Amino acid sequence: MAERTKIEWCDDTRNAVNGCSVLSPGCTNCYAMRLAGTRLRNHPSRAGLTRDSKAGPVWTGEVRLNARELLAPLRQKRGRRIFWNAHGDLFHEAVPDEWIDRLFAVCALTPQHTHMILTKRSARMREYFNRPAVAVRVGLEACVMATEAMQRNPRSTIGLGIKVELSDVKPGRLLNWPLPNVWLGVSVEDQARADERIPDLLATPAAVRFISAEPLLGPVDLRNWLRSSPSSAYLSGKVTADMPAWTRIGSTALDWVIVGGESGPGARPMQNEWAQSLVDQCKAAGVAAFVKQLSNGTRALHDIDQFPEGLRVRAFPGRVDAGEGV
Ligand code: SF4
């Protein structure tokens, strides 16, 4: 599918996994579900992933891998900010571990990109990343991919940038882990989802952890999770505050908060005060905030110049690779 995106906080979207099922209030007007059941209903990547209902197309729960999309970043030399799977959920219960391994192998093989993965299935993401062998699994998959690329093209440079120590296969040793170019996030549409998903996210090793409060359906208090407090890793002396961001395994703070109102048919209004409160909470804690769009339910506003002054905020977290920070 097309890689161009209107999403203001990324350069490309890549839909390697399509298909899903409705999980929480944020899913009610799922754009991907509507698209899969209408305009793309006969496209091979979406056919059969929805069924018709009186309320419109509904996901069947089937998921499908799009291998072409999965591997596309390997061919892109220029670094991109890639948002994965806007039309599905990588940690959906029907997605096999092997697909997840392959996606993170692509991330490992493309240090020129920043990979952003957002989920509503935070518990599975936490469980996946906390398995002792996960770095080895992903590292071996990366080796297979790099080998296949070299078989196709002996001059391929895919994989030359990663550190592989096959003689020392221990968790966390096969790759630079957690991958420094992978940002993990959870969707947070209301306080209940914040309380449920953010603790899972903060228990997941990641270079950068973010939330997407879109569609924001009510006021959310994030203050418990915006300031880092000493984690067990710090207390054990295994990491120190002057180490790079991606070593902060167990850190208890979010790095980035995206805020947005709902758009499209049936959109539910977002009060600007809810967005302003999140921006203010981030500002007080020194955390990057990004206001994507405002919406009163009938009209969505994307042009930042038309936002109220206090909401003209589009910051990125302190980058572990390159670029702008707060
Ligand atoms: S998790 Fe995302 S893709 Fe899945 S139904 Fe909800 S909004 Fe749609």
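The following questions and answers go through a predicted model of one protein.

Visitor: What kind of model is this, and which pLDDT do local features need?
Guide: Residues are numbered from 1 along each chain as its sequence is written, and side-chain values use heavy atoms, with hydrogens and water left out. The model is predicted, so totals for chains, interfaces and linings use all residues, side-chain atom pairs count only at pLDDT 80 or more, and local features need pLDDT of at least 70.

Visitor: What pLDDT does the protein average, and what share of the residues score at least 70?
Guide: pLDDT is the predictor's confidence in each residue, from 0 to 100. Over residues 319-326 it stays under 50. The protein averages 86, and the share of residues scoring at least 70 is 83%.

Visitor: Over residues 163-172, how many contacts does the model have beyond near neighbours in sequence?
Guide: A contact means heavy atoms within 4.5 Å. The pLDDT of residues 163-172 is below 50. Beyond near neighbours in sequence, the number of contacts for this stretch is 15.

Visitor: What percentage of the residues count as buried?
Guide: Buried means under 20% relative accessible area, exposed over 50%, and partly exposed in between, with a 1.4 Å probe and protein chains only. The protein has 326 residues, and the buried share is 53%.

Visitor: What does the accessible surface of the protein come to?
Guide: Accessible areas come from the Shrake-Rupley method with a 1.4 Å probe, and for residues only the protein chains shown count as cover. Carbon and sulfur atoms hold 53% of the surface. The total is about 14800 Å².

Visitor: Among contacts between residues at least 6 apart in sequence, what percentage join residues at least 24 apart?
Guide: L109 and T157 illustrate a separation in sequence: they are 48 residues apart, with their C-alpha atoms 9.8 Å apart in space. For contacts in the protein between residues at least 6 apart, the share joining residues at least 24 apart is 75%.

Visitor: Where is L109 found, and is it buried or exposed?
Guide: L109 is found in helix 3, residues 97-109. With a relative accessible area of 6%, L109 is buried.

Visitor: How far apart are the end C-alpha atoms of helix 8?
Guide: The expected span of a helix is 1.5 Å times one less than its number of residues. For the 14 residues of helix 8 (residues 272-285) this gives 20 Å. The end C-alpha atoms agree with that, at 20 Å apart.

Visitor: Within what arc do the buried residues of helix 8 fall?
Guide: The buried residues are W274, A275, L278, V279, Q281, C282 and A285. The arc is that of the directions from the helix axis to the C-beta atoms. Seen down the axis, the buried residues of helix 8 line one face of the helix, because they fall within an arc of 160°.

Visitor: Which strands do the buried residues of helix 8 pack against?
Guide: On the other side of helix 8, E273, K283 and A284 are exposed. The buried residues pack against strand 9 (208-213), strand 10 (256-260) and strand 11 (288-295).

Visitor: Which elements do the buried residues of helix 6 pack against?
Guide: Helix 6 (residues 191-202) reaches 16 Å from its first C-alpha to its last, close to the 16 Å expected. Its buried residues are R193, A194, R197, I198, D200, L201 and L202. They pack against helix 4 (122-129), strand 8 (182-187) and strand 9.

Visitor: Where does P178 lie, and what is omega of the cis peptide bond that joins W177 and P178?
Guide: P178 lies in the loop between helix 5 (134-152) and strand 8. The bond joining W177 and P178 is cis, with omega about 0°.

Visitor: What is phi of N85?
Guide: N85 is found in the loop between strand 6 (81-84) and helix 3. At 3% relative accessibility, N85 counts as buried. Its phi is positive, in a residue other than glycine, and near 60°.

Visitor: How many disulfides does a search of the whole structure find?
Guide: A disulfide is a pair of cysteine sulfur atoms within 2.5 Å. C10 is buried at 7% relative accessibility, while C30 is partly exposed at 22%. The search finds zero.

How values were computed:
Helices (H or I, at least four residues) and strands (E, at least two) are DSSP runs, numbered from the N terminus.
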